[in-house]
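This report covers fold, confidence and packing. Please keep the sequence and the model side by side while reading.

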Amino acid sequence: MSDIVGGPDPSAITSVTAESSKTTGFDANRISEVKAWLTSQFDAVGKDVPDFEYTPRSIAELHKIATLSQAKTQASAIVANDYRQKAAEYRSQAARIREILESVGLAEESVPSNVVSSAHVLAKVANLLDVRDTELSSFLVAVADLSLRKTAVEEKRAKVQQESKVLLEYTRKAIARLTYLKRTLSQLEDDIAPCEAQMENWKTNLAIMESKERQYLQEYGYYKAVLNRVGYTPEISHGVLVEMAEHKKDLEKKTKPILDTLRSYQDLPPDKALAALAIEDKKRQYGAAEKYLEDVLQSALASSE
């Protein structure tokens, strides 16, 4: 039954499957053998054979398993018989040795207890050292082998201890690193609230600055349009404007007498001919003043360039 649990040889099952695929019908002999084997196996554990469908494939598989199980059972029976035979030989040899010891007066009853204890200890030591005879050389070889194994174990133990120290050092460093990371995480968590408040303040300021930027851009566009409309050019600087204002004052001083004279003509008698001559004369003087003003402005612009 143990062979069923362990499973058959895969190669054997494969060969049986190949053979069963060539079979077209039931084999009555195989069915009877399989039924007998199943009955014997389940009876051995006190259970009934379960019902299942007998197909060519299942019969072939079960027959192969039964064949393997029976072969292994026979092999185990042969080994068991061999062990039983050896045990009987060992018992007969022990009885013969006991008779020899009793004949020379070394029976277990007549030997002191300390000798018996020593013999038992010697037997245990022999079993421990795996010594099969009483030769001193065998004992020395076994002790040397045991010493070598002890040395190997000690070397392995020292290596393991060294590795343990290294791992312990790594663990200590890892714990220190973990403590540092936890402390850093705690500090970062404490800084979250102030940083969020500062970010909100920055967002508010950014919105205000964006609004101001749009306002300044609008004002810049408006003033630029105004300057373009009044004929402003980059050549007109503050110094040029100051100089032109001074020339304007000079011209106003020079034209003031002419304006006063023109105002005095308002009191002339209504003589059309005289009035026309006076007007023509004043126009000529006024044109000359304007021409002089234009020449001054042109010279001022030329000097600024």
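## Terms and basis

A residue is called buried under 20% relative accessible area, exposed over 50%, and partly exposed in between (1.4 Å probe, protein chains only). Helices (H or I, at least four residues) and strands (E, at least two) are DSSP runs, numbered from the N terminus.

This is a predicted model, in which local features need pLDDT of at least 70, side-chain atom pairs count only at pLDDT 80 or more, and totals for chains, interfaces and linings use all residues. Residues are numbered from 1 along each chain as its sequence is written, and side-chain values use heavy atoms, with hydrogens and water left out.

## Overall fold

The chain has eight helices and zero strands. Read from the N terminus, the order is α-α-α-α-α-α-α-α. Of its 305 residues, 10% count as buried.

Contact here means heavy atoms within 4.5 Å. Among contacts with a separation of 6 or more, 68% join residues 24 or more positions apart. The accessible surface (Shrake-Rupley method, 1.4 Å probe; for residues, only the protein chains shown count as cover) is about 25,000 Å² for the chain, and 60% of it belongs to carbon and sulfur atoms.

## Confidence

pLDDT is the predictor's confidence in each residue, from 0 to 100. The chain averages 79, and 83% of the residues score at least 70. Helix H6 (residues 136-229) has the highest mean, 90. Helix H1 (residues 2-6) has the lowest, 38.

Over residues 1-26, pLDDT stays under 50. The model has 26 contacts beyond four places in sequence for this stretch. Where pLDDT is low, the predicted coordinates should not be read in detail.

## Helix H3

The expected span of a helix is 1.5 Å times one less than its number of residues. For the 17 residues of H3 (residues 28-44) that gives 24 Å, and the end C-alpha atoms are 24 Å apart, so the two agree.

The buried residues of H3 are Ile31, Val34, Trp37, Leu38, Gln41 and Phe42. Seen down the helix axis, they fall within an arc of 135°, so they line one face of H3. That arc is taken over the directions from the helix axis to the C-beta atoms. The face turned away from the buried side carries the exposed residues Ala28, Asn29, Asp43 and Ala44. Just after H3, glycine 46 takes a positive phi of about 75°.

## Helix H4

The 48 residues of H4 should span 70 Å, and the end C-alpha atoms are 70 Å apart, which agrees. Its buried residues include Ser58, Glu61 and His63. Glycine 105 follows H4, with a positive phi near 80°.

Alanine 66 sits in H4 (residues 56-103). Its relative accessibility is 4%, so alanine 66 counts as buried.

A nonpolar core is a set of buried Ala, Val, Leu, Ile, Met, Phe, Trp, Tyr and Cys residues joined through side-chain atoms within 4.5 Å. The largest one has seven residues: Val34, Trp37, Leu38, Phe42, Leu62, Ile65 and Ala66. H3 and H4 are the elements that give two or more residues to this core. H3 gives the most, with four.
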